[in-house]
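Me: Hi! I have a structure open and would like to walk through it with you. Can we take it piece by piece?

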Amino acid sequence: EYRNILFSVDAGIARLTLNRPDKLNSFTGEMHAELRDALDAVQADKSVRVLVLTGAGRAFCAGQDLADPDMATQPGGRMPDIGNIVEKNYKPLVLRLQNLRVPTIAAVNGIAAGAGASVALACDLVLAARSASFLQAFSKIGLVPDTGGTWFLPQRVGMARALGLAMLADKLPADKAADWGLIWAAYDDAEFAARVDATAAQLAAMPTKALVRTRQAMHAAPGHTLEQQLSFEGGFMRELGWSPDYAEGVAAFMEKRAPKFTGE
Ligand code: T3D
């Protein structure tokens with residue numbers, strides 16, 4: 001039983017809801033431990049074909065809980081070692097999301113600030129309600145974007161916009177975030193939940209392995225030469241070419257029928 005998140009699996013869709021609405025779903029050490037546990041459960045559950053990450057109440061997530069005991073001044077007046085918190089909590093969270101064997105959707109229902117914004121960007125598709133916004137809050141309190149922010153931001157919007165967002169720490173409304181390519185789409189609040197459900201159902205019916213290899217190939221590209229990347233793609237093509245979902249995809253195309261993918 002979790003105290004800081006809600007977690008359910010239904011019809012191939014795992015839903016993980018950050019659930020500290022009074023504190024805008026900000027991260028505590030306890031919430032991180034629960035997230036690790038739930039993401040490990042997703043990884044182990046072969047019935048899951050997509051993960052949806054969202055927030056309860058009016059916010060998606062306000063980043064690190066600045067009042068968490070982990071952040072308190074240590075005995076003897078020493079300042080907390082925030083680097084340790086990053087290593088212990090944020091790095092494992094991003095790596096779990098990136099290594100997940102199913103595609104991930106961040107359903108950004110309200111403000112995503114600090115590490116909350118970074119966690120959204122660590123998901124494959126970011127869908128936002130039009131009333132939501134993205135805030136690189138770090139510089140306001142004397143920190144750098146962490147949780148992969150310095151990696152994902154310039155990749156998604158380019159260096160000029162990444163530096164402007166991170167240094168000025170102005171709120172970026174969902175519509176503009178979509179225009180800039182920071183996120184996949186912004187939807188009217190009234191239709192947001194239905195749009196998230198439809199996208200989750202769409203991904204859950206697709207060839208899961210191919211989607212995950214797509215994520216991995218795209219993120220590997222900046223560290224490769226073109227020649228290396230061509231071979232890297234080839235390795236995934238070889239593997240996927242032997243997969244049941246590829247066989248089904250081709251058979252369905254030839255037989256002019258809808259494919260039935262299993263995720264294998
Ligand atoms: O360990 C490490 O530090 C490593 C990792 C760091 C990564 C980070 O995430 S650093 C960035 C941390 N986050 C922030 O600096 C954002 C702080 N929050 C805000 O700037 C604002 O709350 C928002 C712009 C997100 C929303 O503003 P608004 O006016 O809609 O709401 P509010 O009134 O400020 O917040 C509502 C409540 O949530 C309030 O509590 P109260 O007074 O009603 O009891 C507020 O204190 C609480 N809250 C919001 N954000 C946090 C928080 N409490 C603790 N930590 C928070 N980050």
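What follows is a chat about this predicted model, going from its domains to its strands, a few loop residues and the ligand.

Me: How many residues of domain 1 are in contact with domain 2?
Reply: Six residues of domain 1 are in contact with four residues of domain 2. On the domain 1 side, the touching residues divide into three nonpolar, no polar and three charged.

Me: Okay, strands now. What does β1 pair with?
Reply: Strand β1 (residues 5–10) is joined to β2 by six bridges, and the two run antiparallel. To find one of the pairs, look at Phe7, whose bridge partner in β2 is Leu16.

Me: And what is between those two strands?
Reply: The hairpin of β1 and β2 has two residues between the strands, and in this hairpin Ala11 takes a positive phi near 50 degrees.

Me: Which strand pairs with β2 in the parallel sense?
Reply: That is β3 (residues 50–55), which pairs with β2 over six bridges. Here Arg15 has Val52 as its bridge partner in β3.

Me: Is β2 mostly covered or mostly open?
Reply: Mostly covered, as six of its six residues are buried. Ile13, Arg15 and Thr17 point one way, while Ala14, Leu16 and Leu18 point the other way.

Me: Moving past β2, where is Leu24?
Reply: Leu24 sits in the loop between β2 (13–18) and α1 (29–44). Leu24 has a positive phi of about 50 degrees, although it is not a glycine. Most residues other than glycine have a negative phi.

Me: What about Asn25?
Reply: Asn25 is also placed in the loop between β2 and α1. Its phi is positive too, at about 55 degrees, and Asn25 is not a glycine either.

Me: Why do those two count as buried?
Reply: Leu24 counts as buried because it has 22 C-beta neighbours inside 10 Å. Asn25 counts as buried because it has 29 C-beta neighbours inside 10 Å. The cut-off for buried is 20 or more.

Me: Switching topic: what does β7 pair with?
Reply: Strand β5 (residues 104–108) is joined to β7 by four bridges, and they run parallel.

Me: How many residues of β7 are buried?
Reply: Four of the five residues of β7 (residues 125–129) are buried, making the strand mostly covered.

Me: Which strands make up the open sheet?
Reply: The open sheet has four strands in the order β4-β6-β8-β9, with mixed pairing. Its edge strands are β4 (59–61) and β9 (172–173), each pairing on one side only. Strand β8 (residues 133–135) pairs with β9 in the antiparallel sense over two bridges, and Ser133 stands opposite Pro173 in β9.

Me: Which residues touch the most others in the largest nonpolar core?
Reply: That core has 67 residues, and the ones touching the most other members are Leu51, Ile105, Val108, Ala112, Ala120 and Ala128. In general, nonpolar side chains of soluble globular proteins tend to be buried together.

Me: What is Val108 in contact with?
Reply: Leaving aside neighbours within four places in sequence, Val108 is in contact with Phe60, Ala120, Val126, Leu127, Ala128, Ala129 and Ala132.

Me: How far is Asn89 from Val108?
Reply: They are 19 residues apart in sequence and 21 Å apart in space, C-alpha to C-alpha. Asn89 is in helix α2, and it counts as buried because it has 22 C-beta neighbours inside 10 Å. Not counting residues up to four places away in sequence, Asn89 touches Gly29 and His32.

Me: Last topic, the ligand. Which residues come nearest?
Reply: Ala62, Gly63, Ile85, Gly114 and Ala115 come nearest, out of 24 residues around the ligand. By class, that shell has 17 nonpolar, four polar and three charged residues.

Me: Which element gives the largest share of the shell?
Reply: α2 does, with four residues. Both α2 (82–99) and β6 (111–113) supply at least two residues each.

Terms used: Residues numbered from 1 in each chain as written. Predicted model: local features only at pLDDT ≥ 70, side-chain atom pairs only at ≥ 80, totals over all residues. Near = placed C-beta within 6 Å. Nonpolar A, V, L, I, M, F, W, Y, C, P; charged D, E, K, R; others polar. Contact = placed C-beta atoms within 7 Å. Core = buried A, V, L, I, M, F, W, Y, C linked by C-beta atoms within 7 Å. Buried ≥ 20, exposed ≤ 12 C-beta atoms within 10 Å, placed from the backbone. Pairing = 2+ DSSP bridges.
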